[in-house]
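Visitor: I am new to this structure and would like to learn how to read it. Please take one feature at a time.

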Amino acid sequence: MPSDPDPSYHGKAAPGQLFNAAAWGAAQAGLAEALARASLALGRLDGMLAALPAEARAGAVTRLALIELEAMLWAQGTPLQREEIGRDLMEARAGADLEAMRLARWGLRRLEGQGNPADLRGFLGLHRAEVSGLDEMLATRPTGGSFDAAAAEFHDMAAGLAAVAPLARGPALRMAWRICGLSAPEVLAEPAVWTARDMAAGCEALRFVPFGRHGRGVWVDGGPVPERMGRHLAAVTAGLVEARQELVRVADWQARALAAVARIKGENPARVVAALAAHPILSASMLEGLAGISRDTAERLLLRLQSLGLAREITGARRFRLWVLAG
């Protein structure tokens, strides 16, 4: 469970610690240089994604989302590796904690772009269950009309941040989320996913702003507002730079892999390499459709790439094996 330096984390803010939108606007004014660096990093990553073909772009977003969710869940105290999440999504059960995996599936779809952040009930995948007395006793967050009231309160707080740039308002919105009690106290991923989507407002191709490992220091934070925003912008910049480096790594792998298979006759090896670069996790049956080749050819070429140190099988099974790029 994350540490809790913020007195608002487990409920309503303590006296004197109520949400102050003006303080966040003032903090932004003193952090213009840090905001500019973060904005430049965001523009570079968004531009790189926008330049990719549609299939590769979607795969890149999923790749970054898996990295992000791994970091969020570890920070929350429910560690899942990105490959476990990917295996579960492809129905190759990873045997991990079921509640953590449910949260991972939800988070991945939202980071990929599904759900409307303005509709908090729909975004969180909630359904009304008005059972007299039971919902109040069993709920770990407000339900029914109480949730709607909390969501309205949150939207009011968010509206007060109109003068704060999307990229800078993440810590304020995470604080507001906790004050309103929109998630159970121990659930870090829900507000982290929502604010990641919110910060990407206006991007052409990027669906969320990635922090990666740098988010662990700011997803639950405390202290004076200017310091919190400063740490947030530094983490944003570092996360965006590392996300771009990850995409460069994949592009470099693709170039090396194409050179390694250049001596193999036909176009099939290049198609397999392109598919592995575009998709974080692949099965032979997926590759069969993506590359337009037979299942036997897909499996043979995956094994060839494995022998070259360019592909790795992640299930250890004899059937329904899953593959990722390696090296």
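This is a predicted model: local features need pLDDT of at least 70, side-chain atom pairs count only at pLDDT 80 or more; totals for chains, interfaces and linings use all residues.

Visitor: How many bridges join β1 to strand β3?

Guide: Strands of a sheet pair through backbone hydrogen bonds, either parallel or antiparallel. Here 2 bridges join β1 to β3 (residues 322–325), and the two run antiparallel. Two strands count as paired if DSSP finds at least two bridges between them. Strands (E, at least two residues) and helices (H or I, at least four) are DSSP runs, numbered from the N terminus.

Residues are numbered from 1 along each chain as its sequence is written, and side-chain values use heavy atoms, with hydrogens and water left out.

Visitor: What is the order of the strands in the open sheet?

Guide: The order is β1-β3-β2, with antiparallel pairing. Between β2 and β3 there are 3 bridges, and Arg312 has Val324 in β3 as its bridge partner. β1 (282–283) and β2 (311–313) stand at the edges with a single partner strand each, so one side of each has no neighbour in the sheet. Helix α14 (residues 295–307) packs on the sheet and touches β2 and β3, and its direction makes about 110° with that of β2. Such angles run from 0 to 180 degrees between N-to-C directions; axes are lines fitted to C-alpha atoms, for helices over the stretch in contact.

Visitor: Which residues of β3 are buried?

Guide: Buried means under 20% relative accessible area, exposed over 50%, and partly exposed in between (1.4 Å probe, protein chains only). In β3, Leu322 and Val324 are buried on one side, and Trp323 and Leu325 on the other, so both faces are covered.

Visitor: Which residues have the most contacts inside the largest nonpolar core?

Guide: In soluble globular proteins, nonpolar side chains tend to be buried together. A nonpolar core is a set of buried Ala, Val, Leu, Ile, Met, Phe, Trp, Tyr and Cys residues joined through side-chain atoms within 4.5 Å. The largest one has 78 residues, and Phe19, Trp24 and Phe154 have the most contacts inside it. Helix α3 (residues 54–76) gives the most to this core, with 10 residues. A second, separate core of 23 residues includes Trp253, Val273, Leu276 and Ala291.

Visitor: At what angle do helices α5 and α10 pack?

Guide: α5 (residues 98–111) and α10 (residues 189–199) pack at about 5°, with their axes 10 Å apart. That makes α5 roughly parallel to α10, a label for angles under 35 degrees. Where they meet, α5 brings Leu103, Trp106, Gly107, Arg110 and Leu111, and α10 brings Ala189, Glu190, Val193, Ala196 and Arg197.

Visitor: Why is α10 largely enclosed by the rest of the structure?

Guide: In α10, 11 of the 11 residues are buried, so the helix is largely enclosed. Its buried residues pack against α3, α5, α6 (120–123), α8 (144–159), α9 (170–180) and α11.

Visitor: Is Glu242 partly exposed or buried?

Guide: Glu242, in helix α11 (residues 225–260), counts as partly exposed at 27% relative accessibility. Not counting residues up to four places away in sequence, Glu242 touches Arg213 and His214, where contact means heavy atoms within 4.5 Å. The C-alpha atoms of Glu242 and His214 are separated by 9.6 Å, with the residues 28 apart along the chain.

Methods. Angles under 35 degrees count as roughly parallel, over 145 as roughly antiparallel, 65 to 115 as roughly perpendicular and the rest as oblique.
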